Amino acid sequence: MPGLATAESEPLVFDKPGGRIVQAVLSGEVPRQAVLAFYDQTLPQLGWRRTADRVFVREGEELRLEFPKPAGQGAGQKAATAVRFTLTPR
């Protein structure tokens, strides 16, 4: 999504016989509602089906979007929105 950038040096990835587990965090000065609207529109175009609030499924995998609480912001700083994407086998 425009306005979001990788918040960690590398995503967390586990491959196992039952499927893969991937976790990545992106952040930026984008309103949380804009992030939700973007992925609600974009993910179905990529074959993901929404099953619950911030939960999508596709071909035996589940994708969750979570919004972790940001670390303490300094005075006068804009609060960044962080979104964690977690992909797991269903």
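Which residue in E7 is the bridge partner of Leu65? The bridge partner of Leu65 is Phe85. This is a predicted model, in which local features need pLDDT of at least 70, side-chain atom pairs count only at pLDDT 80 or more, and totals for chains, interfaces and linings use all residues. Residues are numbered from 1 along each chain as its sequence is written, and side-chain values use heavy atoms, with hydrogens and water left out.

Strands (E, at least two residues) and helices (H or I, at least four) are DSSP runs numbered from the N terminus, and two strands pair if DSSP finds at least two bridges between them. Strand E6 (residues 61-66) pairs with E7 in the antiparallel sense over six bridges. Strand E3 (residues 19-28) is antiparallel to E7 (residues 81-89) and is joined to it by seven bridges. Here, Ala24 has Phe85 as its bridge partner in E7.

Rings of Phe, Tyr and Trp (its six-membered ring) pair if their centres lie within 6.5 Å; planes under 30 degrees apart count as stacked, over 60 as edge-to-face and the rest as tilted. The whole structure holds two aromatic pairs. Phe38 and Tyr39 form an edge-to-face pair, 4.9 Å centre to centre with 85° between the planes. Tyr39 and Phe85 form an edge-to-face pair at 5.2 Å and 70°. This pair links distant parts of the chain, since Tyr39 lies in helix H1 (residues 32-45) and Phe85 in strand E7, 46 residues apart.
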